[in-house]
Amino acid sequence: MENEALQEKFETLVAEQNFPELKVYLDDQLITDIAELIHELPEHADIIMNQLSIGRAAAAFRILEFHAQEDVIRELPAAKVAELLNELPADDRTAFLGELHSDVVKELIKLLDPEELKITLSLLGYPETSVGRMMTPDYIAVREEWTVKEVLRYIREYGRDSETIDVIYVVDEKGKLIDDFRIREFLLVAPETVVHTLMDDRFVALHVNDDQEEAIQVFRMENRVALPVVDDEGILLGIITIDDILWIANEEHTEDVQRIGGTEALDEPYLDIPLLKLLKKRIGWLIVLFIGEMLTATAMGFFEDEIAKAVVLALFVPLIISSGGNSGSQASTLIIQAMALGEITISDWWSVMRREIISGLLLGSVLGLIGFIRILLWNSFFHTYGEHTVLIGLTVGLSLIGVVLWGTLSGSMLPLILKRLGADPATSSAPFVATLVDVTGLLIYFSVAFALMKGILL
């Protein structure tokens, strides 16, 4: 209701060309409401941004979705774009530019002030998924020989330009990081206390070339609001704050979910991505999976004679392969999620395999027993399977044990194997595992049938 009132008031003032009142009105709104207004009225994004003070405009811009940021930049005049880009924090500016086409980036960086240009080019020089891309050079660093009084005076003078003052960093004369402090540690001691006397030389730092997923794990384990970023020599280059990590973690989670579903990661909201681009994202995996499923027909053809002799076996093919695919998809999803949370690593492969062998046998036994009982009960009422009902039930039951066991092993080991090969574990998506288990499940099923029914039905 509040957003509707905001939108209605905005449209009224724009229609009246009452821009002085509009400016005052927008300055009284929450930044999140401003961002929502831009989302609802993209055609008026230029008016909204032009009426905001540059600080509030930058604050609203940084929380917009990328496609909305593109629209804003496209609609604003060059002078306003320059003002906006120079006002943005270095990490947010770099994240935005990193998503754009190189030709657009070349034009936009010409609008940056010399100092901001230097910082931006430095950050853009790091690998796309590295910690260096998301760090900010805006932090508070002090010297160990300073007193707490000097530190607090320095914070009051320069803290406004820092990304956060919750954590203060101690560096030596070469800029090497030697310790960090939460600001409360300075606030709770006497002003004459020397920083050196408070140091314990225990701190956690990220390397500038670390992968962003590693940074997420460190933040989760250390429970920090910010972490320093250093180079090979231990020189403090910047910091990463928790808001950036939460943003990256959300993007990583979204990409993993999309890949697990059997599609390439979407770089735009579903309703905004062009249809042809969406089809391109989906068709690749569908073709791979379709070709894989064609092997199922090949496997069925290989056992054509057995099926002709015991047509009843074909009735349970969907049951067998779907059970194996479902168990494999379950295992794959669980392992990918556990790897994303840092609960397991490649070195834990044997522990994972051992657990999945036991799980697969137990799960397969439960499903096999249910299948066996169902066949007996169904035949007792409808006489569907003839005089060899028990044999058919045993075939289905034992096959389910084997197929479910194979499914859980495939689903759990594939993510670890892909990780070991340097690929994204999420690409061992549920559909891929299901396709693999479909083909091999048929081999298991008809092999068990041949072993039990040879000389009887086969």
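Biologist: What makes strand β2 (residues 167–171) count as mostly covered?

Modeller: Five of its five residues are buried. Buried means under 20% relative accessible area, exposed means over 50%, and partly exposed lies in between (1.4 Å probe, protein chains only). One caveat before we go on: this is a predicted model, where local features need pLDDT of at least 70 and side-chain atom pairs count only at pLDDT 80 or more, while totals for chains, interfaces and linings use all residues. Residues are numbered from 1 along each chain as its sequence is written, and side-chain values use heavy atoms, with hydrogens and water left out.

Biologist: Which residues of β2 point one way, and which the other?

Modeller: Val-167, Tyr-169 and Val-171 go to one side, Ile-168 and Val-170 to the other, and all are buried. In a regular strand the side chains alternate between the two faces of the sheet. As for the names, helices (H or I, at least four residues) and strands (E, at least two) are DSSP runs numbered from the N terminus.

Biologist: How do you know that strand β1 (residues 141–142) pairs with β2?

Modeller: Two strands pair if DSSP finds at least two bridges between them. β1 and β2 are joined by two bridges and run parallel, so they meet that rule. Val-142 stands opposite Val-170. Between the two strands the chain passes through helix α12 (residues 148–158), and this β-α-β crossover is right-handed. That means that, with the strands pointing away from the viewer, the path from the first strand over the helix to the second runs clockwise.

Biologist: And how many bridges join β2 to strand β3 (residues 177–182)?

Modeller: Five, and this pair runs antiparallel. Ile-168 stands opposite Phe-181, and Val-170 opposite Asp-179. The hairpin of β2 and β3 has five residues between the strands, and there Gly-175 takes a positive phi near 90 degrees.

Biologist: Why do β1 and β3 stand at the edges?

Modeller: The open sheet has three strands in the order β1-β2-β3, with mixed pairing. β1 and β3 each have a single partner strand, so one side of each is left without a neighbour in the sheet.

Biologist: What order do the strands take in the sheet that contains β5?

Modeller: That open sheet runs β4-β5-β6, and its pairing is mixed. β4 (206–207) and β6 (236–241) are the edge strands, each pairing on one side only. β5 and β6 are antiparallel and joined by five bridges, with Val-229 opposite Gly-238.

Biologist: On to helices. Why are α8 and α10 called oblique to each other?

Modeller: Helix α8 (residues 90–99) and helix α10 (residues 114–124) pack at about 60 degrees, with axes 10 Å apart. The axes are lines fitted to C-alpha atoms, for helices over the stretch in contact, and angles run from 0 to 180 degrees between N-to-C directions. Under 35 degrees counts as roughly parallel, over 145 as roughly antiparallel, 65 to 115 as roughly perpendicular, and the rest as oblique. The angle of about 60 degrees falls in the rest, and therefore the two helices are oblique.

Biologist: Which residues make the contact?

Modeller: Among them are Ala-90, Arg-93 and Leu-97 of α8, and Ile-119, Thr-120 and Leu-123 of α10. Contact means heavy atoms within 4.5 Å.

Biologist: Is Gln-17 buried or exposed?

Modeller: Exposed, because its relative accessible area is 51%, which passes the exposed limit. Gln-17 is in the loop between α1 (2–15) and α2 (19–27), and its phi is near 60 degrees, a positive value in a residue other than glycine. Asn-223, in the loop between α15 (212–222) and β5 (226–230), has a phi near 55 degrees, again positive in a non-glycine residue. At 63%, Asn-223 is exposed too.

Biologist: What makes Leu-76 count as buried?

Modeller: Its relative accessibility is 7%, under the buried limit. Leu-76 sits in the loop between α6 (66–75) and α7 (78–87). Leaving aside neighbours within four places in sequence, it is in contact with Asp-46, Met-49, Asn-50, Val-81 and Leu-84.

Biologist: And why is Met-353 called partly exposed?

Modeller: Its relative accessible area is 22%, so it lands between the two limits. Met-353 is in helix α20 (residues 349–382) and touches Leu-409 and Met-413, not counting residues up to four places away in sequence.
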